[in-house]
Amino acid sequence: MLVFDVSDFTKNVSKVFDAALTEEVIINNSDGKCYKLLPVKNDSKKGKSSLEDIPCITANITTQEIVEIIRENRAGI
């Protein structure tokens with residue numbers, strides 16, 4: 001974990017951001033408040049959808065069978 005005060009943070013912004021990619025970074029404000037810097041995963045630059053990370057299953061079922069199951073379940077409501 002790296003800890004920076006606000007003046008160190010402003011002097012070394014690039015270094016702080018780079019460090020946050022690999023370890024926890026805490027920034028202490030002069031009023032005593034602390035902040036944790038967390039990187040945000042951003043795959044949009046690669047043209048990749050966040051839905052691509054969701055695992056899928058394969059099922060041997062037709063669209064008509066799915067529609068029938070949904071209609072049966074809705075009828076029971």
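The model is predicted, so local features are reported only at pLDDT of at least 70 and side-chain atom pairs count only at pLDDT 80 or more, whereas totals for chains, interfaces and linings use all residues. Residues are numbered from 1 along each chain as its sequence is written, and side-chain values use heavy atoms, with hydrogens and water left out. Helices (H or I, at least four residues) and strands (E, at least two) are DSSP runs, numbered from the N terminus.

**Sheet**

- Three strands form an open sheet in the order E1-E2-E3, with mixed pairing, where two strands pair if DSSP finds at least two bridges between them.
- E1 and E3 stand at the edges with a single partner strand each, so one side of each has no neighbour in the sheet.
- From one strand to the next the twist averages 25°, with axes taken as lines fitted to C-alpha atoms (for helices over the stretch in contact) and angles running from 0 to 180 degrees between N-to-C directions.
- The pairing of E1 with E2 is parallel and runs over four bridges; in E2, Ile-26 is the bridge partner of Val-3, and Asn-28 is the bridge partner of Asp-5.
- The pairing of E2 with E3 is antiparallel, also over four bridges, and here Ile-26 stands opposite Lys-36 in E3, while Asn-28 stands opposite Cys-34 in E3.
- The hairpin of E2 and E3 has five residues between the strands, and in this hairpin Gly-32 takes a positive phi near 95°.

**Helix H2**

- Within helix H2 (residues 13–20), Val-16, Ala-19 and Ala-20 are buried, a class that means under 20% relative accessible area, with exposed over 50% and partly exposed in between (1.4 Å probe, protein chains only).
- Seen down the axis of H2, these buried residues fall within an arc of 100°, so they line one face of the helix; the arc is that of the directions from the helix axis to the C-beta atoms.
- Ser-14 and Lys-15, on the other side of H2, are exposed.
- The buried residues of H2 pack against strand E1 (2–5), helix H1 (6–11), strand E2 (25–28) and strand E3 (34–37), contact meaning heavy atoms within 4.5 Å.

**Nonpolar core**

- A nonpolar core is a set of buried Ala, Val, Leu, Ile, Met, Phe, Trp, Tyr and Cys residues joined through side-chain atoms within 4.5 Å, and the largest one has eight residues, namely Phe-4, Phe-9, Val-16, Ala-19, Ala-20, Val-25, Ile-27 and Leu-37.
- H2 and E2 each supply at least two residues of this core, and H2 gives the most, with three residues.
- Not counting residues up to four places away in sequence, Phe-4 touches Phe-9, Val-16, Val-25, Ile-26, Ile-27 and Asn-28.
- Ile-27 lies in strand E2 and counts as buried because its relative accessibility is 11%; with residues up to four places away in sequence again left out, Ile-27 touches Phe-4, Val-6, Phe-9, Lys-33, Cys-34 and Tyr-35.
- Ile-27 and Leu-2 are 25 residues apart along the chain, and their C-alpha atoms are separated by 8.5 Å.

- Cys-34 is exposed, with a relative accessible area of 52%, and Cys-56 counts as exposed at 70% relative accessibility.
- Lys-41 is found in the loop between E3 and helix H3 (63–75) and counts as exposed because its relative accessibility is 63%.
- Lys-41 and Phe-17 are 24 residues apart in sequence and, C-alpha to C-alpha, 13 Å apart in space.
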